[in-house]
Amino acid sequence: MSEAEEIRNLDRRGAALVYAAVADAVAAQIESGQLKSGDRIPGELDMAETYGVARMTVARAVRELRERGLVQTVRGKGTFVL
């Protein structure tokens, strides 16, 4: 099962935080080299569709990635891997 499918199947009422699962999935792509330094990560709407979550969930996941020091958001340009 892919990470996107796993996130879609998370119990929304359970203890697992959906935004953290999305952040972990993107972090894993960065760590594996699938997303490299300077790469733009997909936009919030694209990620929301991919993972089957609300756009606000993706926004919180991106904030988590920024707090982890993995990405930087540039207004009007997008969010990029550091």
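Predicted model: local features only at pLDDT ≥ 70, side-chain atom pairs only at ≥ 80, totals over all residues.
**Entry: Ala54**

I recorded Ala54 as partly exposed, because its relative accessibility is 45% (buried is under 20% relative accessible area, exposed over 50%, partly exposed in between, with a 1.4 Å probe and protein chains only). I also took the C-alpha separation of Ala54 and Ser2, which is 19 Å for two residues 52 apart along the chain.

**Entry: helix H3**

I then listed the buried residues of H3, which are Met47, Ala48 and Tyr51. Seen down the helix axis, these buried residues fall within an arc of 105°, so they line one face of H3; the arc is that of the directions from the helix axis to the C-beta atoms. On the face turned away from the buried side I found the exposed residues Leu45 and Glu49. The cover over the buried residues of H3 includes H1, H2 and H4, with contact meaning heavy atoms within 4.5 Å. Just after H3, I noted that Gly52 takes a positive phi of about 70°.

**Entry: H3 against H4**

I looked up the axes of H3 and H4, which come within 8 Å and cross at roughly 110° (axes are lines fitted to C-alpha atoms, for helices over the stretch in contact, and angles run from 0 to 180 degrees between N-to-C directions). H3 is therefore roughly perpendicular to H4, since angles under 35 degrees count as roughly parallel, over 145 as roughly antiparallel, 65 to 115 as roughly perpendicular and the rest as oblique. On the H3 side I listed Glu44, Leu45, Met47 and Ala48, which meet Arg55, Val58 and Ala59 of H4. By class, this contact has five nonpolar, no polar and two charged residues (Ala, Val, Leu, Ile, Met, Phe, Trp, Tyr, Cys and Pro count as nonpolar, Asp, Glu, Lys and Arg as charged, and the others, Gly among them, as polar).

**Entry: Glu64**

I placed Glu64 in helix H4 and noted that it counts as buried, because its relative accessibility is 17%. Leaving out residues up to four places away in sequence, Glu64 touches Tyr19 and Ala23.

**Entry: Val81**

I found Val81 in strand E2, residues 78-81, and recorded it as buried, with a relative accessible area of 5%. The C-alpha atoms of Val81 and Gly69, 12 residues apart along the chain, are separated by 9.1 Å.

**Entry: Lys77**

Last, I looked up Lys77, which lies in the loop between strand E1 (71-74) and E2 and is exposed, with a relative accessible area of 58%. From Lys77 to Ala61 I have 18 Å, C-alpha to C-alpha, for 16 residues in sequence.

Key: Residues numbered from 1 in each chain as written. Heavy atoms only, no water. Helix = DSSP H or I, 4+ residues; strand = E, 2+ residues; numbered from the N terminus.
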